[in-house]
Amino acid sequence: MNSARWLLVWIAAAVITLAGWGAFEAIWRGQGYKPTVMDSFDLWSQHRARAVKPAPPLRIALLGASRIQYGLSPAVFRDEAHKLGLSVDPIMLAVNGHYPLAALRDLANDPKFTGLAVIGIDSRGMDPKVWEMQAKHIAHYHHDWSPSREVHRRLLTRVQEYAIAARPDFAAATLVKRWFDDQGPPYKEYVTFERDRSGGTDYVKSDLAAIRGARVADLKKYYPLYTPPTPDTWLDGMREVVRWVEKINARGGKVVFYREPVSDEHYHLDEANFPRASYWDRLAAIMPARMVDFQDYPELNIPTPDTSHIDIKDIDRHTRGFVHVLRKQGAL
């Protein structure tokens, strides 16, 4: 009898919990919020581990910052390559707000990596001052990543795909604190994030004028405080990167550097401080890798509403165009 009563208690508790969860989800979804995967060191490490799996398919490490992470779709990349008769595994290793050369160095020093490394970057992102921006991700992968963390991250990703309650900004303590501090509901994000670590910026859901204005203002403030290295100093520093690329090439891998689309004030400020002829083109002359500048390919001239990132509606078009450029370049 006691066992039967305890069973009823557990069933009742489960029903109440599920009903409460369902009500919580319904209330917030009714206000326009959606579940989203949350990025983490573990999620990055999970995908980094895929980059060194043996081929086939061809492992393609997509390195970069937000312009790659919110500009290329691994799923579309894979499907478009398949139409060309290619078997590839695109792996999103870009990190929002972090330049990627530390990740390229890590792949160069990993004898298991024999695939294609695509590095989304501009000349400013190659300055040695910012090489270590992804160093914490790399250290986590080599020192903290483990089978138990992988199991936990895979389960967490599944939950986050379907439940708003799994978002940290919707934790009970966070919501209560916001209520007491009179901060209102959580920020309604216009950026989506997927289990493959790709994302997208939906500018229809945002105040585009404010975002664009803030980005341009930040750049205008940043460049006067930042002194670019001279072209000769910069190019001399790049000789170390040349050695990393040579390591990958020696194992049968390939490397592509990709300057992604930017526009208007962002483009003009970049060109004023890092003119292409003095930096990018000089590097192309000594770099044993493909150097792709968006300006040279009509299919890569994609609008950037905030001057720096393409809109979510253009990600598929951008990805398909990029696959075809890689094919023309002989990288695929």
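Trainee: Which residues have the most contacts inside the largest nonpolar core?

Mentor: This is a predicted model. In it, Leu101, Leu104, Met126, Val241, Phe257 and Met287 have the most contacts inside that core, which has 46 residues.

Trainee: Which elements give two or more residues to this core?

Mentor: Strands S1 (58-63), S3 (116-120) and S6 (254-259) do. So do helices H5 (101-108), H6 (135-143), H9 (208-225), H10 (231-250) and H12 (280-286). The largest share, 8 residues, comes from H10.

Trainee: What makes this a nonpolar core?

Mentor: The term asks for buried residues of set types, Leu, Met, Val and Phe among them, joined through side-chain atoms within 4.5 Å.

Trainee: Why is His47 called buried?

Mentor: Buried means under 20% relative accessible area. His47 has 5% relative accessibility, so His47 counts as buried.

Trainee: Where does His47 lie, and which residues does His47 touch?

Mentor: His47 lies in helix H2 (residues 41-50). Leaving out residues up to four places away in sequence, His47 touches Ile91, Met92, Leu93, Arg195, Asp196 and Arg197.

Trainee: What makes the pair His47 and Arg50 a polar contact?

Mentor: The limit for a pair of N or O atoms is 3.5 Å, and one must be able to donate a hydrogen and the other to accept it. The side chains of His47 and Arg50 make their contact at 2.8 Å. That value is within 3.5 Å, so the pair counts as a polar contact.

Trainee: How many residues separate Arg243 and Leu300 along the chain, and what separates their C-alpha atoms?

Mentor: They are 57 residues apart along the chain, and their C-alpha atoms are separated by 28 Å.

Trainee: What does the protein chain come to as a whole?

Mentor: Its secondary structure comes to 13 helices and 7 strands. The C-alpha atoms fill a box of roughly 80 × 45 × 40 Å along the principal axes. Of the 332 residues, 48% are buried.

Trainee: What share of the contacts with a separation of 6 or more joins residues 24 or more positions apart?

Mentor: Such residues account for 82% of those contacts.

Trainee: What about surface and charge?

Mentor: The protein chain exposes about 16,300 Å², and carbon and sulfur atoms supply 60% of it. There are 44 positive and 40 negative side chains, and the centres of the two sets lie 5 Å apart.

Technical notes. Residues are numbered from 1 along each chain as its sequence is written. This is a predicted model: local features need pLDDT of at least 70, side-chain atom pairs count only at pLDDT 80 or more; totals for chains, interfaces and linings use all residues. Side-chain values use heavy atoms; hydrogens and water are left out. Helices (H or I, at least four residues) and strands (E, at least two) are DSSP runs, numbered from the N terminus. Buried means under 20% relative accessible area, exposed over 50%, partly exposed in between (1.4 Å probe, protein chains only). Contact means heavy atoms within 4.5 Å. Accessible areas come from the Shrake-Rupley method with a 1.4 Å probe; for residues, only the protein chains shown count as cover. Lys and Arg count as positive and Asp and Glu as negative; His and the chain ends are not counted. The place of a charge is taken as NZ of Lys, CZ of Arg, CG of Asp or CD of Glu.
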